Amino acid sequence: MTATNGQTTLSIRDLHVSVEDAEILRGVTLDIPAGEVHALMGPNGSGKSTLANALMGHPAYEITAGQVHFKGQDVLELETDERARLGMFLAFQYPAEIPGVRVASFLRLALNARRETEISVMEFRRLLMEKMQMLRMDPKFASRYLNEGFSGGEKKRNEILQLAVLEPELAILDETDSGLDIDALRIVADGVNRLRGSDLGVLVITHYQRLLNYIEPDRVHVLIDGRVVESGGKELAERLEAEGYERYGAAAASEDA
Amino acid sequence: MAVKDIDQVGLDTYKFGFHDDIQPVYTSPKGLSEDIVREISRQKDEPAWMLDFRLEALRQFERKAMPTWGADLSRIDFDDIHYYIRPQDRQARSWDDVPEDIKSTFDKLGIPEAERKFLAGVGAQYDSEVVYHSIRDDLEEQGVIFLDMDSGLREHEDIVRDYFGTVIPNGDNKFAALNSAVWSGGSFVYVPEGVRVEIPLQAYFRINAENMGQFERTLIIVEPGAYVHYVEGCTAPVYATDSLHSAVVEIIVKEGGRCRYTTIQNWSTDVFNLVTKRAVAYRDATMEWVDGNLGSKVTMKYPAVYLMEPGAHGEVLSIAFAGEDQHQDAGAKMVHAAPDTSSLITSKSISRKGGRTAYRGYVQVLPEAERCRSNVECDALLIDDRSRSDTYPYMDIEESDVAIQHEATVSKVSDQQLFYLMSRGLTQEQAMAMVVSGFIEPIVKELPMEYAVEMNRLIELQMEGSIG
């Protein structure tokens, strides 16, 4: 799993991000080589989700300094949809509801957006059913309205389904474990593990170590107050589980509700 | 959208041709007078009772004040309108006069050349005769009558006379009176007892060309236990050189019958579209209006169902889309005149680029109409901060044993929705169009397939260039 081709897929350099004039990220530097799974851990309020949203280009997140390159391209110059078509993917912590739009129709349009030739309806159907089976989803799910009335677990599974269908080169999983019971967590983790391979880089953002029992990371980074304060192997996650974030300072620990 | 492929079938099966060499036959001078009304009736060689009906309507029209509620109608100049143009005259218009934006929408919708000219009012359809005849033969065997209104009056005067003007009297409102005085064209549909017409009847197929008139008049009679779905208009833009379109549609649905009437109006954006549509539904009958308003400068249209006997059910499903300088004032009217009647109103409106939509609804329950149920749901979607949506729900309930519900929502396309969709690779325009098409999906899914497809494509076109 740690064998990589050494090519860096995502490179973040000294990234500063503000939301409504408050600086949340204060110089984040991180590399995710192709094929590796990295975990980003930190207490609530440390800036984890800010990083996820800023990487994907959410308009409310202002980049005040720093650089982000993906496959050698300057990502900060690109619109959100261009980043997606370049191969970046964000599994949302809180996916938006789109009433009236069926999961299958949406996914086919999204898949076609990144293909040169349109996938045929039959071929798409086959692909979708195969991926849904992998995630043990009821086929009826494909004709439900996107995220509308979904349970927390269904929303997360739907995010992973999109990941599986769209096959990006970088997947950012923003607190995908939150709100999942243990069975759902296993299924989601299984799904991600099957997609691991030589190309897909993964950034797993999580508060707890729990998910990392199922998705074993190559590297673990600790984010405190908008900075990566420590990086290490998977043993770092286990230590955080045992000790919490207290050793990085009282301010961070107090937010850990 | 999984339906794209079917679209090709829908559009290409029907080949439309056009004439361009027909000389004008008769064009009335501008403005309205008794002489013009008499001349229209004379040209059509109508029976005396119809002339009387027209003349009485003219008097009503002159007496009635302009409606002051609703949209601003002050720009209508009744003296600057040709009230009667024989359909052949319309061929005299030139393709060059058709505005560029309409031509380019035809392009984007992939509408065949001949059909474009027909829709633009510069061509007539005649190559579709084969298709038309096969449909007509089928219908004739079942005793179904499907004609333009003028032919209907000529060939079936006895039926027409019994029903014409009974649902919407010639003095109902100023614009219904105007229509009653100068009407021309429209459809006449008669479905005999127990006959179920399985294919939707489309004005589009009807060969007699008088279906694009400004003052068309439609009469539909559904006998007991019969069923028909009538589809008027189409989603492609309809180009009108005259500024006023004022139609009247009357529908009678008898015991246990069912009628669905689907309209997608997409008039060019300089047209005042002021239409009176009303149905009466008798015991256990169902009347459904499916109404889409995309075009026109101003639309005022409130399809109505009078629920006359127990068990009658009325529905209005409507979509309004208002862009720049457009005002869509649309809604529904339900009159519960008998016990155990029910009605359902679902209205969806979308406003963008400063466009204005309004839902204007009226639910009336007459005394002793016990155990009525009525459910009104109107949802408005605003695309930007400059646009506007209003809701005017009027209720007049004179009976206590009823269940009436009203629910209204106004929403905006949220940044979160756009960000989510764009994070999957959709452009901002695609994302916006997707949210909008999802918003109207509950109504679009009620449309015949080819209309649903065109509707979705049209929404995509409407959303183009709507960003920023």
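This passage goes through a two-chain model, from the overall build of each chain to a few local details and the contact between the chains.

The model is predicted, so local features are reported only at pLDDT of at least 70 and side-chain atom pairs only at pLDDT 80 or more, while totals for chains, interfaces and linings use all residues. Residues are numbered from 1 along each chain as its sequence is written, and chains are lettered from A and ligands numbered from 1 in the order in which they are written.

Start with chain A, which has eight helices and ten strands; helices here are DSSP runs of H or I with at least four residues, strands are runs of E with at least two, and both are numbered from the N terminus. Its radius of gyration comes out at 18 Å, close to the 18 Å that the globule rule gives for 257 residues, so chain A is as compact as a globular protein of that length. (That radius is taken over C-alpha atoms, and the rule is 2.2 Å times the number of residues to the power 0.38.) Along the principal axes, the C-alpha atoms of chain A fill a box of roughly 55 × 40 × 40 Å. Buried residues make up 46% of the 257 in chain A. The burial count goes by C-beta atoms placed from the backbone: a residue is buried if 20 or more others lie within 10 Å of its own, exposed if 12 or fewer do, and partly exposed in between.

Chain B has twelve helices and 19 strands, and 53% of its 468 residues count as buried. As for contacts, two residues qualify if their C-beta atoms, placed from the backbone, lie within 7 Å.

Now for the strands of chain A. An open, antiparallel sheet of four strands runs in the order S2-S1-S4-S5, where strands are said to pair if DSSP finds at least two bridges between them. Strand S2 (22-33) and strand S5 (73-74) are the edges, each pairing on one side only. Nine bridges link S1(A) and S2(A) in the antiparallel sense, and Ile12(A) sits opposite Leu30(A) of S2(A). Strand S1 (residues 8-19) also holds Asp14(A), whose phi is near 50°, a positive value in a residue other than glycine. With 12 C-beta neighbours inside 10 Å, Asp14(A) counts as exposed.

Further along chain A, strand S9 (residues 219-224) and strand S10 (residues 227-232) pair in the antiparallel sense over five bridges. Val222(A) faces Glu230(A) of S10(A) in this pairing. S9(A) and S10(A) make a hairpin with two residues between them, and Asp225(A) in the turn has a positive phi of about 50°.

Chain B has a positive phi to show as well: that of Ser296(B) is near 75°. Ser296(B) lies in the loop between strand S10 (286-293) and strand S11 (298-301) of chain B, and is buried, with 26 other C-beta atoms within 10 Å. For background, most residues other than glycine have a negative phi.

Ala322(B), in strand S13 (residues 313-322), is buried too, with 29 other C-beta atoms within 10 Å. Setting aside neighbours within four places in sequence, the contacts of Ala322(B) are His327(B), Gln328(B), Ser351(B), Gly355(B), Arg356(B) and Thr357(B). Its C-alpha atom is 7.9 Å from that of Ser349(B), 27 residues away along the chain.

Helix H12 (residues 449-463) of chain B has 15 residues and should span 21 Å at 1.5 Å a residue; the end C-alpha atoms are 21 Å apart, which agrees. (The expected span is 1.5 Å times one less than the number of residues.) Twelve of the 15 residues of H12(B) are buried, so the helix is largely enclosed by the rest of the structure. Among the buried ones are Glu450(B), Arg457(B) and Met463(B).

Finally, the two chains meet through 24 residues of chain A and 22 residues of chain B. On the chain A side, helix H2 (80-86), helix H3 (103-113) and helix H5 (152-166) each supply at least two residues. H3(A) gives the most, with five. That side of chain A divides into 16 nonpolar, five polar and three charged residues, with Ala, Val, Leu, Ile, Met, Phe, Trp, Tyr, Cys and Pro taken as nonpolar, Asp, Glu, Lys and Arg as charged, and the others, Gly among them, as polar.
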